[in-house]
Amino acid sequence: VVSTEYLWAINYDVSKMPVQFMSRAPASSASQPCYSSIVIRNDNSQNADFPRNYSKREKKPFPIPVLELRRRARQRMKEAEGKPRGPPPPPKNGLLVQRLIPEAYRVYNARISLINNLKRLMKVVPVKGCKYCGEIHVGSVGHPFRTCRGMSSDKRKGEHDWGSTFVEAVFLPVEAYHLEDRLGPRIPHDQRFEVPRIPALVELCIQAGLDLPEYPTKRRRKPIVKIGRKEFVDANEDDLPDPEPDKFKEPILEEVSDDEITPPSSPEETAALAEETLKMWETLRNGALRLMKRYSVRVCGYCPEVHIGASGHKARNCGAFKHQQRNGQHGWQAAVLDDLIPPRYVWHMPESGELQKELKIFYGQAPAVVEICIQGGAQVPEKYKATMRLDIGIPSSLKEAEMVV
């Protein structure tokens with residue numbers, strides 16, 4: 001197995017080295033042979049660890065450690081000492097970040113395009129799903145690894161029962177509450193069924209400036225007026241002229257129903273569709289990351305619940321480990337990109353097209369969307385090659401695997 005970074009320090013006789021490999025050697029007497037150390041460094045990661053799967057009895061770590069957050073807070077207080085407090089910037093003052101409004105439309109359209117393209121690709125690239133657990137596999141036959149933890153898995157000795165699956169198993173739908181006013185009061189527990197739930201990514205785009213008629217939201221044209229630490233009133237906008245048509249508004253795509261999906265007609269069309277899908281996947285993740293840097297996204301440290309806003313809701317519907325001690329309340333913390341858009345890693349199929357359970361440690365993994373695109377004919381992105389372990393030789397037999405150091 002090739003490590004991620006290796007160093008070779010070799011002594012060469014400089015007189016026998018080619019000119020292009022010679023390095024500057026320290027001064028020495030003519031009677032002593034001149035040697036030089038050549039260090040060959042490989043900065044390209046060939047073998048990276050898979051993302052860690054946290055136990056249901058373990059709390060997610062904070063994206064930034066608490067000690068670092070406290071240090072930054074002390075630094076900000078020290079720098080602001082003796083200076084007048086300025087007005088909060090958008091979006092904390094109720095206004096939108098103007099430069100991110102087109103990004104919100106691009107992210108929303110990329111999400112719709114990704115779903116439509118995945119529905120078409122899954123017509124020609126088979127995707128299997130276990131009937132008892134949530135694991136999926138991209139291939140005509142499911143993988144042989146006994147990793148099932150679903151119902152009656154002990155009777156099947158951990159073997160999966162593979163069947164067909166849907167696009168929701170590949171691109172996981174993460175939902176959140178829709179807020180008509182993102183600066184309004186937190187959702188209480190008694191009103192948890194009165195507030196609609198929509199995809200969290202769509203809610204993030206709406207708060208960033210996307211206008212959808214079916215999901216109205218409050219837009220302010222003047223900054224809020226704070227009257228307390230957590231209290232504010234809206235500024236008077238009567239003196240403002242009528243709002244002009246939004247210059248950032250773009251055409252919005254619509255999701256195609258399953259009955260209208262047509263598969264690609266040729267391998268060339270499949271490869272082009274796979275490349276476009278992979279591009280939409282990268283556009284979606286990069287755009288969502290830019291939005292998350294300005295608009296707060298919260299996640300529960302114990303369950304996958306996501307909330308778009310500075311403070312999480314008060315609904316006591318957390319059923320994770322020891323939720324009785326918290327009375328069902330969520331442990332809100334800052335979310336990362338994988339909380340909003342789970343990548344859903346699957347096993348990467350080698351060139352032989354067959355997985356052997358004895359050689360499991362040699363195989364790589366990739367996000368399900370990326371694996372579907374690669375099997376559809378798209379080029380492998382450079383950022384996923386480390387976890388896919390493409391540069392690692394897979395033994396042809398179990399005897400050969402035992403000889404690997």
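Predicted model: local features only at pLDDT ≥ 70, side-chain atom pairs only at ≥ 80, totals over all residues.
## The chain as a whole

Let's start with the overall picture. The protein chain has 405 residues, and 40% of them count as buried. Nine helices and 14 strands make up its list of secondary structure elements.

In soluble globular proteins, nonpolar side chains tend to be buried together. Here, the largest nonpolar core has 65 residues, and Val-170, Leu-340, Ile-341 and Ile-372 are the ones with the most contacts inside it. Helix H2, which covers residues 101-121, gives this core its largest share, 11 residues. There is also a second, separate core of eight residues, with Phe-145, Met-349, Leu-355 and Leu-359 among them.

Leaving aside neighbours within four places in sequence, its contacts include Leu-118, Met-122, Val-127 and Ile-136. Further along the chain, Val-170 also contacts Arg-344, Ala-368, Val-369 and Ile-372.

## A cavity inside

Rolling a probe the size of a water molecule over the atoms shows where empty space is left. In this model, the count comes to one cavity of 30 Å³ or more, and the volume of the largest cavity is about 40 Å³.

Which residues line the largest cavity? They are Gly-94, Leu-96, Arg-182, Lys-218, Arg-219 and Arg-220. Sorted by class, this lining has four charged residues, one polar and one nonpolar.

## Buried residues in loops

Loops can be worth a visit too. Leu-179 sits in the loop between strand S6 (175-177) and strand S7 (197-199). Is Leu-179 buried or exposed? Its relative accessibility is 12%, so Leu-179 counts as buried. Not counting residues up to four places away in sequence, Leu-179 touches Ile-187, Glu-203, Gln-207, Thr-217, His-307 and Ile-308. Leu-179 and Gly-309 are 130 residues apart in sequence, yet their C-alpha atoms are 8.7 Å apart in space.

Phe-362 belongs to the loop between strand S13 (345-347) and strand S14 (365-367). Phe-362 counts as buried because its relative accessibility is 5%. Along the chain, Phe-362 and Gly-393 are 31 residues apart, while 7.9 Å separates their C-alpha atoms.

Most residues other than glycine have a negative phi, and most peptide bonds are trans. This model holds some exceptions to look for. Pro-90 and Pro-91 are joined by a cis peptide bond, with omega at about 10 degrees. Pro-91 is placed in the loop between helix H1 (66-79) and H2.

Asn-327 has a positive phi, near 55 degrees, and lies in the loop between strand S11 (306-308) and strand S12 (332-334). Arg-344 also has a positive phi, near 55 degrees, and is found in the loop between helix H6 (337-340) and S13. What about their surroundings? Asn-327 is exposed, with a relative accessible area of 51%, whereas Arg-344 counts as buried at 18% relative accessibility.

Key: Residues numbered from 1 in each chain as written. Heavy atoms only, no water. 1 Å grid on protein atoms, 1.4 Å probe; cavity = no way out; pocket = protein on both sides within 12 Å on 5 of 7 lines; lining within 4 Å. Points joined across faces, edges and corners; volume = space filled by probe spheres on them. Nonpolar A, V, L, I, M, F, W, Y, C, P; charged D, E, K, R; others polar. Core = buried A, V, L, I, M, F, W, Y, C linked by side-chain atoms within 4.5 Å. Buried < 20%, exposed > 50% of the residue type's maximum accessible area, 1.4 Å probe, protein only. Helix = DSSP H or I, 4+ residues; strand = E, 2+ residues; numbered from the N terminus. Contact = heavy atoms within 4.5 Å.
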